Amino acid sequence: MDIDKVFNENDRKIYEMEFREWLPEKIFDSHVHVFDAGNFNPGYVMPEKNCYQKFGGIFTIEQCMALVEILLPDQEFSMNCFGCPDADADLNAACRYTGSIVDNKRVFGMALVSPEDGIETVKHRIIDNGLVGYKPYRNFVQRLPAEEVTIFDMLSPEQLEFADEKGLAITLHIPKSARLADPVNQQQMVELCRRYPNAKIIFAHIGRAYYMENVIGNLGGIAKCPNAFIDTAMVNHPGVLEYAFNNFPRERDCFRQRRSDCFFTWKISGNQPSVRLLDGRKLCDRQLHIRCTWRRSIHNLFLRTIARHQRGGNKSLLDKT
């Protein structure tokens with residue numbers, strides 16, 4: 001791993017000047033792809049420009065934690081992780097790797113799941129590996145053209161019923177080019193939460209709302225669902241973040257970055273940082289939100305999921321805690 005490709009002295013200066021005294025002591029990232037070479041089927045060739053090429057086509061727990069130590073030298077870091085959801089992923093192998101690195105204290109994990117996976121296979125992925133939920137993906141829906149895939153095509157009814165029964169978390173990368181604003185998505189996001197009230201539904205990337213037009217007016221439905229959460233992975237638009245913080249329950253949103261090259265979003269352009277977290281505005285309200293996220297939001301959600309399994313006598317998950 002060539003750290004100079006993802007972090008340099010200018011980044012360190014920004015950290016020292018702007019963030020050392022400002023970041024919380026504890027940071028929990030709910031959306032991290034961590035995987036080894038076994039994540040992919042034999043013969044897979046990763047595209048040359050894929051960001052993981054910076055790390056040799058993988059991003060293992062060792063690489064992740066080594067990078068965290070450099071990027072966040074003063075913070076206590078924890079995470080929820082899952083494999084790389086490529087169409088050529090070996091889902092069972094990816095889940096075994098995730099299971100091998102979780103402890104359900106500092107590192108939690110989710111299973112990559114296809115709607116074609118039988119329910120017994122999914123149960124084994126979750127229980128045998130001590131995982132807290134699912135990470136479905138549009139790539140795994142093979143029977144439909146990409147733009148025709150809906151939220152309810154991404155997991156089978158049996159998989160959703162199992163998640164509801166066990167109180168599992170589901171990190172959902174919603175489909176369709178209109179993203180959060182798509183009317184079918186708007187209807188099905190709410191329907192999903194109401195139909196499976198014991199499952200914790202985490203809408204990744206604020207429902208893939210990376211620009212203002214996509215987010216405005218489109219969080220109200222899921223905001224009313226107590227089992228709906230959002231993560232802000234890869235959302236770098238300050239207006240979108242501000243809108244989400246102001247229009248979605250604070251205890252159910254999670255501020256973080258996702259990938260190995262995106263732990264922080266500040267970079268030097270000339271003599272000025274191009275992004276200074278939330279567009280350079282140190283608002284006390286946002287500081288409070290970020291500082292409270294660790295204790296009040298997704299980390300506690302995962303701990304409650306594990307506790308639920310303990311009460312149910314799930315020995316495989318107990319072994320992981």
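Ile 230 is buried, with a relative accessible area of 0% (buried means under 20% relative accessible area, exposed over 50% and partly exposed in between, using a 1.4 Å probe and protein chains only). You'll find Ile 230 in strand E8. Helices (H or I, at least four residues) and strands (E, at least two) are DSSP runs, numbered from the N terminus.

Before going on, a word on what you're looking at: this is a predicted model, where local features need pLDDT of at least 70 and side-chain atom pairs count only at pLDDT 80 or more, while totals for chains, interfaces and linings use all residues. Residues are numbered from 1 along each chain as its sequence is written, and side-chain values use heavy atoms, with hydrogens and water left out.

Back to Ile 230. Which residues is Ile 230 in contact with, leaving aside neighbours within four places in sequence? They are Ile 202, Phe 203, Ile 206, Ile 222, Ala 244, Phe 248, Arg 252, Asp 253 and Cys 254 (contact means heavy atoms within 4.5 Å). Ala 204 sits 26 residues away from Ile 230 along the chain, yet their C-alpha atoms are separated by 5.9 Å.

## Around Ile 230

Asp 253, one of the contacts of Ile 230, belongs to strand E9, which covers residues 253–254. Asp 253 is buried too, with a relative accessible area of 0%. Phe 203 also touches Ile 230; between Asp 253 and Phe 203 there are 50 residues in sequence and 9.5 Å in space, C-alpha to C-alpha.

Ala 244, another contact of Ile 230, is one of the buried residues of helix H10. How many of the 10 residues of H10 are buried? Seven are, so H10 (residues 238–247) is largely enclosed by the rest of the structure. Besides Ala 244, the buried set includes Pro 238, Gly 239, Val 240, Leu 241, Tyr 243 and Phe 245.

## The whole chain

Stepping back, the chain has 13 helices and 11 strands. Of its 321 residues, 57% are buried. Take the contacts between residues at least 6 apart in sequence: 76% of them join residues at least 24 apart.

The accessible surface comes to about 13700 Å², and 48% of that belongs to carbon and sulfur atoms. These areas come from the Shrake-Rupley method with a 1.4 Å probe; for residues, only the protein chains shown count as cover.

Helix H3 (residues 91–101) packs against helix H4 (residues 119–129) at an angle of about 20 degrees, with their axes 9 Å apart. That makes H3 roughly parallel to H4 (angles under 35 degrees count as roughly parallel, over 145 as roughly antiparallel, 65 to 115 as roughly perpendicular and the rest as oblique). Axes here are lines fitted to C-alpha atoms, for helices over the stretch in contact, and angles run from 0 to 180 degrees between N-to-C directions. On the H3 side, the contact is made by Leu 91, Asn 92, Cys 95, Arg 96 and Gly 99, and on the H4 side by Thr 121, Arg 125 and Asn 129. These residues divide into two nonpolar, four polar and two charged. For that sorting, Ala, Val, Leu, Ile, Met, Phe, Trp, Tyr, Cys and Pro count as nonpolar, Asp, Glu, Lys and Arg as charged, and the others, Gly among them, as polar.

Gln 159 and Phe 162 are among the buried residues of H5.

Ile 151 lies in the loop between strand E5 (133–135) and helix H5 (157–166). Ile 151 is buried, with a relative accessible area of 4%. Not counting residues up to four places away in sequence, Ile 151 touches Leu 172, Ile 174, Pro 175, Asn 185, Gln 188, Met 189 and Leu 192.

Asn 104 is in the loop between H3 and strand E3 (107–109), and counts as buried at 2% relative accessibility. Phi of Asn 104 is near 60 degrees, a positive value in a residue other than glycine. Met 234, in the loop between strand E8 (228–231) and H10, has a positive phi near 70 degrees. Met 234 is buried, with a relative accessible area of 19%.
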